[in-house]
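Work through the exercises below with the model open beside you. Try each task before reading its solution.

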Amino acid sequence: MAAAGSAVGLGNIWKFPYIAGENGGAAFLVVYLICVLLLGLPLVMTEFLIGKHSGKSAYGAFKELKGTNRWQWLSWMCMLTAMLFIGFYFVVTGWCFNYLFEALTNVLHGAEMDSLSTHFTQVISNKPRMILFSLFPVLLTATVLWFGVNKGIEKLSKVLMPLLLVMMVLMAVRVLMLKDSAIGMQFFFQADFSKLNPQAVMKAMGQCFFSLSIGMGALITYGAYMPKNQSVSKTSMQVVILDTLVAILAGMIIFPAVFAFGMDPAEGPELVFVILPAIFEQMSFSYIFGVLFFSLLCIAAITSTISIMEVSVAFVNEATGGRLNRHKSVLLVSAAVIPLVLACVFSNSVFDVFDTLTSCVLMPLGALGMALFVGWNLPNYNHFAGKVFIFSVRWIVPIAILVIFLNSVGIIQ
Ligand code: PHE
């Protein structure tokens, strides 16, 4: 459940709808689902296996399993990816906290579509406000990590994850009753492959890694905390199914509403922040719904930031041989994270570079390294499913990542 909490986050509810909207809707969904099955599932298993077998975090896992330092570059890359990733992730989490605050104070009640769009621009360009709202989740995450990733997160995820799902189903039903919502469903489910280009395929792969928390060792770290009698394949499947379900539900809420309200699905990162308040306006008990939904969104984001920051905390702790204990590691990592968050608040280009560099370069590279590590270093299984898994991480996953990557940068066609 904690791993599901890591996976379900802004990737599903904020990023998936706007990237799908920019890249043709249904055609993107098809490619995304293929990526999830072909790459996502085996890679989630890969990270869990590395963590569970080694009992170590991204820093010590490869050394522990291989007995040499030759894979240490992969550990450092995980750490780098996690740090850059969290820089911009906290900023988007800050947007969510801002909207939660506004839902609580009911300031958006009765706002028109146009003003919701300008409101978003005003919010993100109000730097002092954004600093406050982005650093608050840093503080919250650091506090949780200070006490340790333990049963608390698991319990929280166990209750809140199903609640989020139920709420999203209710919202999807309400949105489907709006006029012209069918056009949105068509956009999301009736594929037009002419809109697909190599960059869109690359984005689908990046989105798959983003959404499933793959490629920076977050799941290695959680795998290390897994009880020995827990099944890696079963857990992986549950995480992948839940994560994908939430992404599809998000699409089923956003796209019908986009068309019902006469908006453009290719609006960009502001898409959900404009659409969601407008949806609540259409619902009875709009105040309660708004507050509840944005609360859940913030919690979904925090269960993700916890897992990302835990990569660095466990890394520092292990790399210093325990000399920096959990508390000191949390302080050090938080101090390093704050300037990165501020850089993303102040500069849209830094934000974009961190986002694209992690999703489209570093996470695929990390995933490639981990697939090769498990495929060529761990002993093969003697049952059919295990053999299929090893074959896929030896050959299919690495080749697919390379082909998609080289194709998107134009080296191969
Ligand atoms: N999967 C999370 C989301 O969809 C983000 C994340 C990425 C969390 C990598 C941990 C590691 O929002």
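On a 1 Å grid over the protein atoms alone, a cavity is a set of points where a 1.4 Å probe fits but cannot get out; a pocket is an open set with protein on both sides within 12 Å along at least five of seven lines; lining residues have an atom within 4 Å of a point. This is a predicted model: local features need pLDDT of at least 70, side-chain atom pairs count only at pLDDT 80 or more, and totals for chains, interfaces and linings use all residues. Residues are numbered from 1 along each chain as its sequence is written, and side-chain values use heavy atoms, with hydrogens and water left out.

**Exercise 1. Describe the second largest cavity and what takes up its space.**

Step 1. Start with the volume, the space filled by probe spheres set on grid points joined across faces, edges and corners. For the second largest cavity this is about 110 Å³.

Step 2. List the lining. It has 17 residues, and Ser 6, Phe 85, Phe 210, Ser 213 and Ile 308 lie nearest the centre.

Step 3. Sort the lining by class. Ala, Val, Leu, Ile, Met, Phe, Trp, Tyr, Cys and Pro count as nonpolar, Asp, Glu, Lys and Arg as charged, and the others, Gly among them, as polar.

Step 4. A molecule sits in a cavity or pocket if more than half of its atoms lie within 2 Å of its grid points. The ligand takes the space of the second largest cavity.

**Exercise 2. Work out how the protein surrounds the ligand.**

Step 1. Find the shell. A residue is near a molecule if one of its heavy atoms lies within 4 Å of it. The ligand has 16 residues around it, with Ala 7, Gly 11, Tyr 89, Phe 210 and Ser 211 the closest.

Step 2. Assign the shell to helices (DSSP runs of H or I, at least four residues, numbered from the N terminus). At least two shell residues come from each of H1 (2-7), H2 (10-22), H5 (72-104), H10 (198-211) and H14 (286-319).

Step 3. Check the classes. The shell holds eight nonpolar, eight polar and no charged residues.

Step 4. Look for polar contacts (here, pairs of N or O atoms within 3.5 Å). A ligand oxygen is 2.9 Å from a polar backbone atom of Ala 7. A ligand nitrogen is 2.8 Å from a polar backbone atom of Phe 210. A ligand nitrogen also lies 3.0 Å from a side-chain N or O atom of Ser 213.

Step 5. Check the cover, using accessible area by the Shrake-Rupley method with a 1.4 Å probe. The protein covers 100% of the 320 Å² that the ligand has on its own.

**Exercise 3. Which elements line the largest pocket, and which gives the most?**

Step 1. Take the volume: about 620 Å³.

Step 2. Read the lining of 22 residues. Nearest the centre are Met 1, Ala 2, Ala 3, Glu 154 and Gln 230.

Step 3. Name the elements. H1, H8 (151-176) and H12 (232-260) give two or more residues each. H12 gives the most, five residues.

Step 4. Count by class: twelve nonpolar, five polar and five charged.

**Exercise 4. Characterise the largest cavity.**

Step 1. The structure holds four cavities of 30 Å³ or more. The largest has a volume of about 180 Å³.

Step 2. Its lining has 14 residues, with Ala 103, Asn 106, Leu 108, Phe 280 and Gly 290 closest to the centre.

Step 3. H14 supplies the largest share of this lining, five residues.

Step 4. By class, the lining has eight nonpolar, four polar and two charged residues.

Notes. Polar contact = N/O pair within 3.5 Å; in protein donor to acceptor, adjacent residues only side chain to side chain.
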